Amino acid sequence: MTRIASHRGGTLEFGDSTFAGFAATAAMAVDEVEFDLHPSADGRIFVHHDATLDRTTDRSGAIADLNAAAVRAAIVDHAGSGFRHPLYVEELCAIFADSPVAFRCEIKPGQHGQPYAGFVPAVVAVLAEHQRLTTTTFSSFLLDTMRDIAAATDRPALWLVSPAVLTQLGARGVIDLARLRGIAEIGVHIDCADAGMKMMAEENGLAFGCWAAHTASQIGKALDLGVKVFTTDRPSLAVAIRDRVRAEETSL
Ligand code: MG
């Protein structure tokens, strides 16, 4: 059964990495909640997509250059109500404390693309402290970060393959590189995915998923392909489409 991951708490339904989105996701019939992490200058861990505050908040600057109090002062959810500031990862754990929805934790690099020094062990420690590590799958676009994840935890991790990397290496090259690096799962952009690539990955022992399935046709494609998991900015729509597909299958 294809798993649905609510991307950044369902960006197109609730805003990008908002309390409202994560709280809604915790009560949905999705399988996973996807989120991104960055450290502040004083070592707190924030749930935020971009390395900087500029695009999604009323403040500016790189999270890694700011103390937690300055990051916390930003308003991240202009349209929403309730709590509207960037969340500490501990708060995300609290939101999902009684939810069966699993974590899909993306380890982000800094604003210039470099991994944060010592960041992965810090994330693993805080998730373990809050009883969420055992339900967490990690992800990253960076092979160096995939290595850091493997060194820090036995939890599963998937390599997010960018369209540029896929174009450069081809599906065969990506799969060979993943195997060489001991990676067990890859995820490609939904528009790049096809049945042949999925079959090739699975024949080589890799789990295969997709990201950024935000429209009904992209969600339908992910379900048709039968990928392991896909991320979506429209989790409510994805659940509705998956329910409809299942109902059609059982009525046949
Ligand atoms: Mg992400």
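## A loop residue to start

Ala-64 sits in the loop between β3 (45–47) and α3 (68–72). Helices (H or I, at least four residues) and strands (E, at least two) are DSSP runs, numbered from the N terminus. Ala-64 is partly exposed, at 29% relative accessible area. Here buried means under 20% relative accessible area, exposed means over 50%, and partly exposed lies in between (1.4 Å probe, protein chains only).

Ala-64 is in contact with Pro-39, Ser-40, Ala-41 and Tyr-116, leaving aside neighbours within four places in sequence. Contact means heavy atoms within 4.5 Å. Asp-42 is 22 residues from Ala-64 in sequence, and the two are 8.2 Å apart in space, C-alpha to C-alpha.

## About the model

This is a predicted model, in which local features need pLDDT of at least 70 and side-chain atom pairs count only at pLDDT 80 or more, while totals for chains, interfaces and linings use all residues. Residues are numbered from 1 along each chain as its sequence is written, and side-chain values use heavy atoms, with hydrogens and water left out.

## The whole chain

The protein chain has 10 helices and 10 strands. Its C-alpha trace spans about 55 × 40 × 30 Å along the principal axes. A compact globule of 252 residues would have a radius of gyration near 18 Å, and the protein chain agrees, with 18 Å. That radius is taken over C-alpha atoms, and the globule rule is 2.2 Å times the number of residues to the power 0.38.

Of the 252 residues, 52% count as buried. Now take the contacts between residues at least 6 apart in sequence: 55% of them join residues at least 24 apart.

Asp-36 is buried, with 0% relative accessible area. Glu-106 also counts as buried, at 4%.

## A pocket and a cavity

Rolling a probe the size of a water molecule over the atoms shows where empty space is left. The search uses a 1 Å grid over the protein atoms alone: a cavity is a set of points where a 1.4 Å probe fits but cannot get out, and a pocket is an open set with protein on both sides within 12 Å along at least five of seven lines; lining residues have an atom within 4 Å of a point. Grid points are joined across faces, edges and corners, and a volume is the space filled by probe spheres set on the points.

The largest pocket holds about 240 Å³ of space. Its lining has 14 residues, with Met-146, Ala-150, Ala-157, Gly-182 and Ile-183 nearest the centre. Helix α6 (residues 143–152) gives the largest share of that lining, five residues. The largest cavity has a volume of about 40 Å³. Its lining is Ile-107, Lys-108, Pro-115, Tyr-116, Phe-119, Val-120, Thr-145 and Asp-148.

## Helix α9 and strand β10

Which residues of helix α9 (residues 216–225) are buried? They are Gln-218, Ile-219, Gly-220, Ala-222, Leu-223 and Leu-225. These buried residues pack against β8 (185–189), α8 (195–203), β10 (229–232) and α10 (235–251). Just after α9, Gly-226 takes a positive phi of about 70 degrees.

Thr-232 belongs to strand β10. Thr-232 is buried, with a relative accessible area of 0%. Not counting residues up to four places away in sequence, Thr-232 touches Ile-4, Ala-5, Ser-6, His-7, Ala-213, His-214, Ile-219 and Ala-238.

## Two positive phi angles

Arg-8 is not a glycine, yet its phi is positive, near 55 degrees. Arg-8 lies in the loop between β1 (3–7) and α1 (11–14). At 13% relative accessibility, Arg-8 counts as buried.

Ser-17 has a positive phi of about 55 degrees, and Ser-17 is not a glycine either. Its place is the loop between α1 and α2 (19–26). Ser-17 is buried, at 1% relative accessible area.
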